[in-house]
Amino acid sequence: MTKKVDIKKLIADNGIIIVLLLLVLVTGLTRDNFFSLNNLSNISVNTAARVIIAFGVSGCLITKGTDLSAGRQVGLSACIAGTLLQTADYSGKFFPNLGDVPIPLVLLICIGVCCIFGLINGIVISYLNVPAFIGTLGMQLMVYGICLVYSKATPLGGYRRDYTGIATGKFLGIPYMFIIAFVIGLIMWFVYNYTRHGKYMYAIGGNEAAAEVSGVNVKKTKIIIYMTAAGLYAIAGFLLGAKSGGASVNMGLSYELEAIAACTIGGVSVNGGIGRISGVVIGVLVFELLKSSMQFLGIPTDYQYIVQGFVIIVAIALDIRKYIAKK
Amino acid sequence: MAEYRLEMKGVSKSFPGVKALDKIHLKVRPGTVHALMGENGAGKSTLMKCLFGIYKMDEGEIYLDGEKMSILNPDDALHKGLAMVHQELQPIPDRTIAENMYLGRYPLISYGPIKVINHKKMNEEAAKWLENVRMPYDPKAKLGSLSIAQMQSVEIAKAVSMSAKVVILDEPTSSLTDNEVEALFRIVRDLKSRGVSLIYISHKMAEIREIADDITIMRDGTYVGTWEVKDISDDEIVRQMVGRELTNVYPPKELSNSDEVLLEVKDLCSIFDRSFQHVSFKLKRGEILGFGGLVGAQRTELMEAIFGMRHVKSGEVIMNGKPIHVTRPRDAIRDGIGMITEDRRGTGILGCLSIADNVSISSLNNYLKVGPMLDVGKIENLVKDNVAKLSIKTPSSKTLIQSLSGGNQQKVIIARWLANNPDVLIMDEPTRGIDVGAKYEIYQIMISLAKQGKGIIMISSEMPELIGVSHRIEVMCDGKITGEVSGEEATQENIMGLATKFN
């Protein structure tokens, strides 16, 4: 009796994931090469960058916030990395006289720059009490503008081999990017579940006023969350640049929306206080599989956007429904 | 006319894993007040939610004036003549009183195809109904400018205006002063004489005695019985409710003999002229210091200021002989003060988190292992200890706090502060909305904390509780301390005298 109810609930709570997995299954059975090692490896690389962004956004969502500047920060980071990591003999070199900058230093610069924007996001949201939706929307525009100014809107290319190698390289057959995302996921999982910061984050999402009364440093916690998020966007942008072998100001456009959608599909509640790293991973994976299946099924790109938008709305509607049904 | 105005027969309701209601009966005669009693978690609210169609009953029937009804949702219930004044009011504070009263049924004027709200008519009607319940507020004033008690009378006026046949009052007096309670009872009697039936949910025995005709008692989701109030004694009611004998309402006090001052407040003034001004008092080690007064006496505001939740213009707070500077709760906690706030849902519980997280949240600093890493094992032990010590009734420490009853939620909040081990614990209405059994347990916890040498400040609007538990009582009126009475000398009369000592 109770078992039956549980199955029903399981289906209702994970409806969208089940539907999308069915789609994947259908694609896999009707199209050759979908389940090929090559395609799976490709999906894992795509997922890796997206999941890193989603990890960042998840913290904002859990504290009832959001971060709409994520995609633009990804783009900025990709552009910064691009300008600093071009080959010496590339004709369109952005800084013609720049020597070979060590890759770790470039990564640190990207993270550093984005963290400044994350810090500003955090301060605006916690000290100026601007709703996260508005604050980060403004930041989205600002970062885009800064990226335009910095890159002079020129497309970047001619990357050094050692940079693009990060995206294409494999260790024992496993793409580096997958390994990087996996390690970051582990760290985030640990932070969410085994640190004071993680507990504070969930408490703020659960009831900010009560958290404050319980002695939680709400402002500081939020600032750390937005800074961490920005740092993760920087890493994602850096990796995406390496993966595509080039970058432009439009890179990362609307990635924040996909990240928010993926988080929601994975059970991060837009009402705050609820969400797990494993859920974020599932959400992003399901979303990437959806995109890949649509490609394999030959659905034109234009229509793919319509489907993706639809999935986002359904996912959030189902998420909200869960909490209404709980009453 | 049917024998009963409202009849609920064999109502059952299950939630996953719990049988919340098991064949409950409720028969309300026309023109009577029917008390519905039971400990928190007995299922009173669930029963009312079934009546209003918020929950779907698994089985059972509802009859209104002898006719079988099915009620789809609260709106449907209203149209059929059932109105409810909620325990936790859900008003829209930024809209006017009239707009709140006529929400969803605004009087309209038609200009051809366009319908516009008739504000004039709405305000006039609202004023008339407010007058009718003798609460002559300006219908154009914002609802948020009223006190909770006043908002409640607006709700009642709304119910009356909809010519409700049955009005449900869910713990209507929990935040009312004695005068306001009198006013409420006047309205209740008035409604009764007009043939309206009322269902009155309350834990307060004296009120039941005064106002109710019949009483139905529930326990753990089951139906215990229905009596006429004159046929049943107070002791019997309590016995039926808890299913056990409760000999003492208050545990014996143990006199503290320490003279050491733990906390001293000197000439504290709020930044608002109308809030507390020039407040000074001392709290000794091992003492339970009560704070009495009417609602609006600024007791909560004073305590929240000491705890750093509100701003202070001038004055001093001295803890263990050292002046402390508190601008936010974190500072107060660092200096050894804990606070259980009045608004449990708003500033107490972390609803969607587990009991474990709720208990440990304010003491995580004590459980850091390396850097920001927490010692999860130690925290688990802490939570387990406290859940056992306070006998919190829960399947596991992983259970979400929002699924517990009010009394158990309150114990979790107390556990949060025990874990933090403050020297001074401020408790603002610690037993509000909590059943008799849990109240007694909370008093015991307070007394044992005092015995351990802590200082406890308790704000309470329930006079017997204030007298029964406190060693000493400060009474406030209109933002000032108007007097102090010792626990032995305290009577309802002398406290009331001080509480109404307006300039």
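**Notebook: salt bridges, interface and helices**

I looked up Lys68(B) and got 54% relative accessibility, so Lys68(B) counts as exposed. The classes I used take relative accessible area: buried is under 20%, exposed is over 50%, and partly exposed is in between, with a 1.4 Å probe and protein chains only.

I am working on a predicted model, where local features need pLDDT of at least 70 and side-chain atom pairs count only at pLDDT 80 or more, while totals for chains, interfaces and linings use all residues. Residues are numbered from 1 along each chain as its sequence is written, chains are lettered from A and ligands numbered from 1 in the order in which they are written, and side-chain values use heavy atoms, with hydrogens and water left out.

**Salt bridges in chain B**

The partner of Lys68(B) is Glu61(B), in a salt bridge whose closest N and O atoms are 3.5 Å apart. I took a salt bridge as a side-chain nitrogen of Lys or Arg within 4 Å of a carboxyl oxygen of Asp or Glu. Glu61(B) has 29% relative accessibility and therefore counts as partly exposed.

Next I checked Glu260(B) and Arg285(B), whose side chains meet in a salt bridge at 3.0 Å, N to O. The two residues belong to distant parts of the chain, 25 residues apart: Glu260(B) is in the loop between α8 (234–242) and β13 (261–270) of chain B, and Arg285(B) is in the loop between β14 (279–284) and β15 (288–293) of chain B. Elements are DSSP runs numbered from the N terminus: helices are H or I with at least four residues, strands are E with at least two. I noted Glu260(B) as partly exposed, with 39% relative accessible area. Arg285(B) is partly exposed as well, at 24%.

For Lys411(B) I found a salt bridge with Glu441(B), with the closest N and O atoms 2.6 Å apart. Lys411(B) sits in helix α14 (residues 406–420) of chain B and Glu441(B) in helix α15 (residues 436–451) of chain B, so this bridge ties together parts that are 30 residues apart in sequence. Lys411(B) is at 1% relative accessibility and so counts as buried, while Glu441(B) is partly exposed at 24%.

**Chain A against chain B**

I counted 23 residues of chain A in contact with 30 residues of chain B, contact being heavy atoms within 4.5 Å. The area buried between chain A and chain B is about 2,100 Å², and carbon and sulfur atoms give 64% of that. Arg196(A), Val213(A) and Ser214(A) supply 29% of the area that chain A buries against chain B, more than any other three residues. Buried area is the accessible area (1.4 Å probe) that two parts lose on being put together, summed over both.

I found one salt bridge between chain A and chain B. Asp357(B) and Lys199(A) form a salt bridge with the closest N and O atoms 3.1 Å apart. The polar-contact rule gives eight residue pairs across the interface of chain A and chain B, both residues at pLDDT 80 or more. On the side of chain A that touches chain B, the elements that give two or more residues are α8 (176–194), α9 (196–206) and α10 (208–213) of chain A. α9(A) gives the most to this side, with six residues. A polar contact is a pair of N or O atoms within 3.5 Å; within protein, one must be able to donate a hydrogen and the other to accept it, and residues adjacent in sequence count only if both atoms are side-chain atoms.

**Inside chain A**

I listed a network of salt bridges that links Arg50(A), Glu258(A), Glu288(A) and Lys291(A).

I then looked at the buried residues of α5(A), which include Ile103(A), Cys110(A), Phe117(A) and Ile125(A). The cover over the buried residues of α5(A) includes α4 (70–84), α6 (132–151), α7 (161–168) and α11 (218–244) of chain A.

Ser41(A) is placed in helix α3 (residues 37–62) of chain A. At 16% relative accessibility, Ser41(A) counts as buried. Leaving out residues up to four places away in sequence, I found that Ser41(A) touches Lys170(A) and Pro175(A).

**Asn494(B)**

My last entry is Asn494(B), in helix α17 (residues 492–499) of chain B. Asn494(B) is partly exposed, with a relative accessible area of 28%. The side chain of Asn494(B) reaches the backbone oxygen of Glu489(B) at 3.0 Å and the backbone nitrogen of Thr491(B) at 3.0 Å.
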